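The sequence and structure come next.

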Amino acid sequence: MFTTKKILSLILAAILAVSCIALSSCGNETQADDGKYTIGIIQIAPHEALDAATEGFKATVVEAFGAENVEFLFVNAQGDNNACTTAVTDFVSKKVDLIMANATPALQAAYNGTTTIPILGTSVTDYPTALSLDRDAYAAANGVIGSNVSGTSDLAPLAEQAEMLAELYPDAVNVGLLYCSAEPNSQYQIDVIKPLLEAEGKTCTLYSFADSNDVSQVATAAAAASDVLYIPTDNTAASCAEAVLGAIGNTPAVVGEAGICKGCGVATLSISYAELGKVTGDMAVKILKGEEKVEDMAVAFASNPQKMFNKSRCEALGMDIAALEAMGYTAIAD
């Protein structure tokens, strides 16, 4: 016969069992109940560097979880900032587990669209510029933004790029700095590299285009007045590399990344965007597994930038290929 004490013990045991079940289902807030994940990806435009970052990201996440456990909702905005905003609204309504924002306009749209879903940017040069963050606070926190946003930066070593330009064109005096004024990260790179080039004895003139509609006109003017051009990591320039090449004639361009170099440049010191995407993917895996929180993650960088040259463009301009290779430059694959 059950005593009152035994009945109370059974009731307490039942309560504890239910509590344990409930607690075991909590854990990582980003994990779906069925163990599957939905990730929204916004890419601002189609071009080689951004495509490589997206594919590197996806491959890393799939390797960690299996293709059957991850659904990617991919939107290529085709250069339209409004399309980025629309994509974020859709991702939020679908309660995705994480958003990967590829390039600055995509990151800005995600940042303005949600404060709860983890966001990882990639192919973003400078986060304080992109998100209007306090630069001193960002530096003091060692690149930890402290909100639902982190990611990876594609900032190449600008001081070394300035040295590269001076190394390749020691007798050049006039350097045209060609970039898109609508891209704040491009402006940031120009502001940094201009004094570095001036310290190398160069006279720098800024040539900014607003969008793809005036890139040819501005590039033509820049080429006519310059001994050599410098083009930073710039999404619009990358998307319009063919138009830039047609506009600059025989004026060489040292550029910020391999995709632009392949289209219209002679040389670059470039990171691997595929590697950058993989670093971003590793961050996503840690967030989704509950191993780290996005608000505690510092912005990360790809390692080992490489000196590269565009063989066909260099040959067309009469540059010594053997000398470039002796200086440590590697030809960009076709």
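What percentage of the 334 residues in the chain is buried? Buried residues make up 48%, where buried means under 20% relative accessible area with a 1.4 Å probe, counting protein chains only.

## Basis

The model is predicted: local features need pLDDT of at least 70, side-chain atom pairs count only at pLDDT 80 or more, and totals for chains, interfaces and linings use all residues. Residues are numbered from 1 along each chain as its sequence is written, and side-chain values use heavy atoms, with hydrogens and water left out.

## Chain overview

The chain contains 15 helices and 13 strands. These are DSSP runs numbered from the N terminus, with at least four residues of H or I for a helix and at least two of E for a strand.

Of the contacts (heavy atoms within 4.5 Å) between residues at least 6 apart in sequence, 71% join residues at least 24 apart.

## The seven-stranded sheet

Seven strands form an open sheet of mixed pairing in the order β7-β6-β8-β9-β10-β12-β13; two strands pair if DSSP finds at least two bridges between them. Its edges are β7 (203-209) and β13 (330-331), each pairing on one side only.

Helix α7 (residues 158-168) lies across β6, β8, β9, β10 and β12, at about 160° to β10. Helix α8 (residues 184-199) lies across β6, β7 and β8, at about 170° to β6. Axes are lines fitted to C-alpha atoms, for helices over the stretch in contact, and angles run from 0 to 180 degrees between N-to-C directions.

## Strand β8

β8 (residues 228-231) pairs with β6 (residues 174-180) in the parallel sense over three bridges. V228 is the bridge partner of V175, and L229 stands opposite G176. β8 also pairs with β9 in the parallel sense over three bridges, where Y230 stands opposite V254.

Both faces of β8 are covered. V228 and Y230 are buried on one side, L229 and I231 on the other.

## Largest pocket

The largest pocket holds about 490 Å³ of space. Its lining has 35 residues, with I44, P105, E183, N235 and T236 nearest the centre. Elements giving two or more residues to this lining are α2 (48-65), α4 (104-113), β4 (119-124), α8 and α10 (235-239).

On a 1 Å grid over the protein atoms alone, a pocket is an open set of points where a 1.4 Å probe fits, with protein on both sides within 12 Å along at least five of seven lines; lining residues have an atom within 4 Å of a point. Points are joined across faces, edges and corners, and the volume is the space filled by probe spheres set on them.

Note on methods. Buried < 20%, exposed > 50% of the residue type's maximum accessible area, 1.4 Å probe, protein only.
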